[in-house]
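Visitor: I have a protein model open on my screen and I'd like to learn how to read it. Could you walk me through it?

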Amino acid sequence: MEPEIFALANSGRYAEAKEMRARLTNLRAAFDDLQLGGAAKIRREQEELFGRGSTELAKKLQDSHTASIAELEDTFSQEATKHSLYREIQTTKLEQTISKVERPNMRYSKRLIELFRAEYNLNKLKQYDEAIKVRRMIDKLLPIEEKRFYDNFDATIRRQREKLAETQAFEDNRFEEKIKAIEWNEIRKRERESNITQQRIKNNLKDMSHTHLMESRLKAEMVVKPSALWQHRDHYEYTSSSLRGQQLLDNVRGRATSKEVYAESLVVRHDFDRAPQDTVVYQPTRK
């Protein structure tokens, strides 16, 4: 239209040239509003989508951590049950072993054996007075030696129980240390995952905000072939920083793009307790 306006002005038709100039100006203004307004609307939509995606991502991460904590507590409960059962087996085994040990016969000391022999020989020689004296000595020493002998036997049994108790106390401490180490390791793992996620959200938001700021300063181009600033490259919707909102929301909802549903990998380690989606259970038929 510029050549036509210039031609009208050169031919002296200024009124028509002014009218065409006004029409061109209004048309450019409307096109600028449409182009720039559409771009601004897309930016606002991406900011809204980014907020929704961030909220859903935080909720998804929190649900994942809650499930992980519940699974960890269940594992700790099972381990504690196994540990208690192992302690009970140890105690039962020791008590069964002790119950099979018969109380031993008295083993006299050399001194007491000599007194028994002396009493026997004196009785054989009919020296009863001397035998009575020896018997008194025997009656005096025998209870003491019997008490000492059976006290030693009971102490041996008691030491076995005490040794088992010490071993179990040591194993209890080791078990508690193991549980605490696993618990704190999982806590640090969850904190690290939360910090990384928050930092990634901040980085993506900063990247998108910067891109939106640069796009807001673009000037409208009412031409047949716009410049590279208004032309989108291949895979623009997948990699552009301006569309971080849609990309984040698709990623959180398990989609590779806004149109295709994301499918789980077929080469990850298989969990037989949690079969992947669409798993077919093969049951051979008997002939």
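Guide: We'll go from the overall fold to helices, cores, ring pairs and charged pairs.

Guide: First, some ground rules: this is a predicted model, so local features need pLDDT of at least 70 and side-chain atom pairs count only at pLDDT 80 or more, while totals for chains, interfaces and linings use all residues. Residues are numbered from 1 along each chain as its sequence is written, and side-chain values use heavy atoms, with hydrogens and water left out.

Visitor: How many helices and strands does the chain have?

Guide: Helices (H or I, at least four residues) and strands (E, at least two) are DSSP runs, numbered from the N terminus. Here you get 6 helices and 0 strands, so the pattern along the sequence reads α-α-α-α-α-α.

Visitor: And what share of the residues is buried?

Guide: Buried means under 20% relative accessible area, exposed over 50%, and partly exposed in between (1.4 Å probe, protein chains only). Of the 287 residues in the chain, 23% count as buried. Helix α6, residues 244-252, is mostly covered, with 7 of its 9 residues buried. Among them are L248, L249 and V252.

Visitor: Which residues does R244 touch?

Guide: A contact means heavy atoms within 4.5 Å. R244 lies in helix α6 and is buried, at 17% relative accessible area. Leaving out residues up to four places away in sequence, R244 touches Q46, F50, N204, D207, M208 and T239. Look at polar contacts too: these are pairs of N or O atoms within 3.5 Å; within protein, one must be able to donate a hydrogen and the other to accept it, and residues adjacent in sequence count only if both atoms are side-chain atoms. The side chain of R244 reaches the backbone oxygen of T239 at 3.4 Å, and it makes a polar contact with the side chain of Q247 at 2.7 Å.

Visitor: Is Q46 buried or exposed?

Guide: Q46 counts as buried, at 6% relative accessibility. This residue is found in helix α2, residues 14-99. Its contacts, not counting residues up to four places away in sequence, include M208, H212 and R244.

Visitor: Which residues make up the largest nonpolar core?

Guide: A nonpolar core is a set of buried Ala, Val, Leu, Ile, Met, Phe, Trp, Tyr and Cys residues joined through side-chain atoms within 4.5 Å. The largest one has 7 residues: L112, L115, L122, A131, V134, I138 and L142. Helices α3 (110-124) and α4 (128-216) each supply at least two residues of this core, and the largest share, 4 residues, comes from α4. A second, separate core of 6 residues includes I201, M208, L248 and V252.

Visitor: How many aromatic pairs turn up in the whole structure?

Guide: Rings of Phe, Tyr and Trp (its six-membered ring) pair if their centres lie within 6.5 Å; planes under 30 degrees apart count as stacked, over 60 as edge-to-face and the rest as tilted. The search finds 2 aromatic pairs. Y108 and F116 are edge-to-face, 5.4 Å centre to centre with 75 degrees between the planes. The rings of F149 and Y150 have centres 5.2 Å apart and planes at 80 degrees, so this pair is edge-to-face. F149 is buried at 18%, whereas Y150 is partly exposed at 21%.

Visitor: What should I know about phi?

Guide: Most residues other than glycine have a negative phi. K126 is not a glycine, yet its phi is positive, near 65 degrees. K126 lies in the loop between α3 and α4 and is exposed, with a relative accessible area of 62%.

Visitor: How many salt bridges are there?

Guide: Side chains of opposite charge can pair when their charged atoms come close. A salt bridge is a side-chain nitrogen of Lys or Arg within 4 Å of a carboxyl oxygen of Asp or Glu, and the count comes to 9. The side chains of D154 and R103 meet in one, at 3.3 Å from N to O. D154 lies in helix α4 and R103 in the loop between α2 and α3, so the pair ties together parts that are 51 residues apart in sequence. D139 and R135 form another, at 3.2 Å; both lie in α4, 4 residues apart, about one turn of the helix. E119, R135 and D139 are linked in a network of salt bridges.
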